[in-house]
Amino acid sequence: MSALTRALWCKIGPVLLADSRYRFLFEKDDSGELVSLDCETTGFNYVADDVISIAAIKIRGTRILARESFQAVIRPGAPMEASAIKVHQLRQQDLAQAGTIREVLPDFLRFIGSRPLVGYWIAFDVRMLNKYLFSLLNVHLPNRQIDVSELYYERKYAAAPPGTMVDLRYASIMADLGLPALPQHDAFADAVGAAEIYLVLEDLRRRGVRLPRKAIEAATDFQLA
Amino acid sequence: MPQRFDDRNPPFDRLTHDEVRELRAALDIGYFPPGTVIIEREHAADQLYVIIKGAVEERDGDALEAVLGRNESFDARALVHGTAGNRFLAAEETLCYLAPRTVILSLIQRNPGFAAFFYSDISRKLESYARGREAEGGFDSVMRARVRDARINPAAFIDATETLEAAGRKMSACDNNTLFVRDGDRIGIVTGMNLSKAVVLQRRPLDTPVRDLSHFDIVSVEQDDFIYEALIRMTRRSKRRLAVKANGEFVGVLEDIDILGLVAGNSQLIPGHIDRAQTVDDLAHAAFDIRAQVERLAKQRLRVEAIAEITSDLNRRLITRLFDLIAPPSIREAGCVMVMGSEGRGEQTVRTDQDNGLLLAAPVKASDLTDFRRAFTGALESFGFPPCPGNVMIKNPQWSQPVDDFIRQIKTWILTPDEHSAMNLGIFFDAVAVTGRTSLVDKAKTAMIDMMRGESAYLAHFARYIDQFAGASAGMLTSLMVSVGVTSDQIDIKKAGTFPIVHGIRTLAIEHAITPTPTARRAEALVARGVLGEQLGRDLISALAYFMDIRMRSQLRAVQTGRPETESLVHLAELTPSDRDLLRDALRVVKRFREIIRNRYHLGMF
């Protein structure tokens, strides 16, 4: 979501909002906190796929409040594909007792409030959530979104010479910043990881430190013996 | 909290499954930019910090005391005892788990093993670690050993056409009760029991070919098989010995007793080997066994004090036997062999040098003495005792002379000291008579104590050596390259830890005419006389044991990698967090003790 569309949503959102109990989503955030967010989904198709777990963790100052986290597993509307089950390891039966997205969303919205959202490729998560939110409340999430892969790009590759290999994979970023790996494809672990990446990169930005790039590696691939 | 929080990382490995879950649920994560003061000196902390990534400096004023890295936690003192002794500062970008004080305190109350980590008292802490360690050794680890780790009798072969009598003689000659029998293409085995039965029970003639007594259904194991596989095979096939193969060839025989030897060590067998030795070469085997024994006992995590005790006992027997074998009658009559230095204190495990000497009640024939000096030291060198760098060996006439001349020598060392005299006095004060006229050592030692006691200037000169290596250890667990991450740093355990304790205690022992040589016994005697506080005495003994332990492990590694010159260097990066934590505590004890010695002998004036 661009800044412009977000600004628009903030203006018209309260008007369109189907349920006035959720007006807080559009109020100015004065908590000083952020929320790191990650969803696991049945696939990467916005229309056909479903969110099956959400984790959200508050960040206050330089502290990740792992204790005060929001975690929920969601029963999807449609059967899951085997390929997706292999990735997140949540099977059909693991989700049988879980609540539906309609049951989970209210608590989730109250947890995040109007705090900025931090995540790895956060636009995808928000877009998936918006799908449900729109049918429930007739609005999209107006929260500011901070994508850690963009922060990373800016610290690492901004003004890089053309032809530089850009690697923005989650695992690569964790490794480059020296962050010990967490179990991946677990919403809570990914949210913790995104929060850690955010804190490190924010500090580098504040201190004006850039991440070193390796000397152009691509060239060696084409060297002839 | 994420599964990443490592519950195998001490002290959290002491927690039960449920306790780990409780702790994980309570964790937050904190981020500290470089230069952030995480805990200020004299302040309390309301959480325990466990480093996920980064480096934290522990500073005492301006002095860098330690650099903490991944998986290390701080600060037990600030958390439990209310105030931090030092200041903790992020040296680089640092992420930590934050464990709330209330949760940690409640875990400490419930779990004594976990609580030990938070003791301020190093002797209790070490004891708790030692217990944990003993639990992991023992039978289990033996079962994971390989066949080649056992003491296998090397294969001895005999031709099938040879006689029963020849087989018996061969067994006796190579001290091996099992022979492989070559019969054309096939190979069989004959044992001493087979021979006995044939002769005694079946009254077979002595010229019976061994082929008739051999059995050719050999059960074998590979040299690289696990011991437990060998044990299973023995049980299943009801065999007490197995043939050992490597690359398709028979290389030896494994007996059930050898497996027992792996569990208990075979220290009970070595004295027999030593006593039965008829030549210097026979002794060389026993010397090798002593060395292998150290390694085996260390693997089993026997306490280092016990290993040192067993080893020095065996070494002394070895020297006694060597003396019996090679000393001419004149020297056997008048002489007394003594071991000194770490050997005398009974604190040597892996051989690093030899400190030995000979005192004579009266002069002996010059040629006898010259020959003996050369033969004795040469034999020890051939056994793998490295020569003493300070030349404190029987080979050196200064260390093998009539006792009255030696006492005059001591007097010279005291009255006109040169650069070696203080160390020579120190080494001799640790002397123990091994064999011969043992009273000669007591005589010389009493003379030395009488000359030094009450002469505070000499004692101070002697004590001064405690600072000999002060520069080398002043930084304690220091890494100066903190700005670019903790680089692998190393510490010389002997200089920074062992020596100051040994020498400080030695100085006090001379002053108080304390006769036992082991540092721990001396410290106990000093405590009993009220010279040392009880707590300090305990701390010193524990710290010394810890240094010995960590040094033995590094020595074994140095021997394995064939780089003996690195034997007392410990790479901090290779230590586990709990070892680094203990090492830090032990070095703090050294620092405190040095101060005490400095004040007592007014060393500040030098």
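Chain A has 9 helices and 5 strands, where helices are DSSP runs of H or I with at least four residues, strands are runs of E with at least two, and both are numbered from the N terminus. Read along the sequence, the order goes α-β-β-β-α-α-α-β-α-β-α-α-α-α. This is a predicted model, so local features need pLDDT of at least 70, side-chain atom pairs count only at pLDDT 80 or more, and totals for chains, interfaces and linings use all residues. Residues are numbered from 1 along each chain as its sequence is written, chains are lettered from A and ligands numbered from 1 in the order written, and side-chain values use heavy atoms, without hydrogens or water.

Staying with chain A, 48% of its 225 residues are buried, meaning under 20% relative accessible area with a 1.4 Å probe, counting protein chains only. Among its contacts (heavy atoms within 4.5 Å) with a separation of 6 or more, 66% join residues 24 or more positions apart.

Now over to chain B. Helix 12 (residues 280–299) packs against helix 13 (residues 304–326) at about 175°, with the axes 10 Å apart; axes are lines fitted to C-alpha atoms over the stretch in contact, and angles run from 0 to 180 degrees between N-to-C directions. That makes the two helices of chain B roughly antiparallel, the word for angles over 145 degrees. Helix 12 brings residues including Leu283(B) and Ile290(B), and these meet a set in helix 13 that includes Leu314(B) and Arg321(B).

Further along, helix 25 (residues 577–600) of chain B has 24 residues, which should span 34 Å at 1.5 Å a residue, and its end C-alpha atoms agree at 35 Å apart; the expected span is 1.5 Å times one less than the number of residues. After helix 25 of chain B comes His602(B), with a positive phi near 50°.

Notes: Angles under 35 degrees count as roughly parallel, over 145 as roughly antiparallel, 65 to 115 as roughly perpendicular and the rest as oblique. Buried means under 20% relative accessible area, exposed over 50%, partly exposed in between (1.4 Å probe, protein chains only).
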